[in-house]
Amino acid sequence: MLELGDISSFNEEAFIRAHQQEAVTSLRLHPVKKSNSFTANEKVPWCGQGRYLAQRPVFTLDPLYHAGAYYVQEASSMFLDYLLRNLLPDNKNLRVLDLCAAPGGKSTLIASYLDKSSLLISNEVIRTRAPILEENMSRWGYMNTWVTSNDARGIGKLEGYFDIIVVDAPCSGSGLFRKNEKALHEWSEADVQLCSQRQQGILADIWPALKEDGILIYATCSYSPREDEEILDWLGNEFAVKSLEVKIPEEWGIVSVRSEQKEMTGYRFFPDKVMGEGFFIAALQKKEETEEIRYPKFKMADVKGIKDQAGFLLKEQDLQFIPIADNNYAAIQPEHYADWQLLQKTLFFRKTGTGLGSPANKEWLPAHDVALSIDAADSLNVIPVNREQALKFLKKEEGYLPAIEKGWYIIAYEGLGLGWVKSLGNRFNNYLPKNQRIRMDI
């Protein structure tokens, strides 16, 4: 059974009572894709864009969800935003890894924090979970977020590359008992032990990729000290690390804990003390000499013809265009071209920069990425739609748009892009990716 009695400030009676109540619903607003929805809701104290909802709506039937106006995320895990902004107030020129990133909650949060000069690698090793990560990062619309699918050992070969590594480690899931009944029935002490060993293996494999003085942020949704404080002690015994702390207002209800051996600080979230689910997070700084990675020599790709064809899709023109799979192209910031040259030798990319599409006979076939990008050009043709029309588009139905001049158009709801249609004059072709089609009845 869970061993929580020794944890500071643990109240068993209040803890049980909280688990007899409904889980809290929360979301995080996009900092650029503005809408009027949820802005007046109660704020999550430790995340400026976080909002609580009195009840859980059907997000699948909200076009703003599909446009990336917000991300549905558990409130406790949004504390990562507070950690980043306090430990690293300078958000420029950073290289960041979200190692276990699917479905994308922490990656979209990190993307919102970073300056465009920084680069985020959102990684998911489980290939069946990687597509939803790719979809959510496209929906969030940032050019400096790339999606990969590699194991920790493979990424660990990038010695001294990352300034920040976030490991939201696979765990026994006890912090989600209130939210996920399946987690309650599947929990066992044997699983806790297995998860602890797995967490140690992941951290050992990825450790070489962190720069000297770089920051490791370790998190779980487990209450078990074996997966939390004891992992901090293991890190302290295996590597040269410094525990990092931030000041937290007492009224937030977050419990600060220290590991038994190394007295390393972590932060616990209990549902009887915060409006959120069970969560643990800690930040450590690498204090051992690590040789930083060397970038290879390279020549810039000659894609002038492609830029002439596709440059109109984006606001910024000082971008680097790169070839990706199947005669498609993407745009990245010029300062990330050396990173692309380096990383493609080691990592399997699912998404690089903002996908632009591909050349075709006498036209350019625009990628879905552009319609959702915060960098999409203001001059692109747009068809404003109401909620009913937006849902028909998302269900790939027909007959909801009037005849219009031939050409490519972005379907936009409340000013935010949902995807592309091509007008043929008397009818439209819907270019929403098939895997993103809504199948729920309205």
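Which residue in S2 does Arg28 stand opposite? Arg28 faces Gly50 there. Keep in mind that this is a predicted model, where local features need pLDDT of at least 70, side-chain atom pairs count only at pLDDT 80 or more, and totals for chains, interfaces and linings use all residues. Residues are numbered from 1 along each chain as its sequence is written, and side-chain values use heavy atoms, with hydrogens and water left out.

Let's start with the sheet. Strand S1 (residues 25–29) and S2 run antiparallel and are joined by four bridges; strands (E, at least two residues) and helices (H or I, at least four) are DSSP runs numbered from the N terminus, and two strands pair if DSSP finds at least two bridges between them. The open sheet has three strands in the order S2-S1-S3, paired antiparallel. S2 (50–53) and S3 (70–72) are the edge strands with a single partner each, so one side of each has no neighbour in the sheet. From one strand to the next, the twist averages 30°.

Now for the helices. H4 (residues 105–113) packs against H5 (residues 130–140) at an angle of about 30°, with the axes 10 Å apart. Axes are lines fitted to C-alpha atoms, for helices over the stretch in contact, and angles run from 0 to 180 degrees between N-to-C directions. H4 and H5 are therefore roughly parallel, a label for angles under 35 degrees.

Note on methods:
Parallel < 35°, antiparallel > 145°, perpendicular 65-115°, else oblique.
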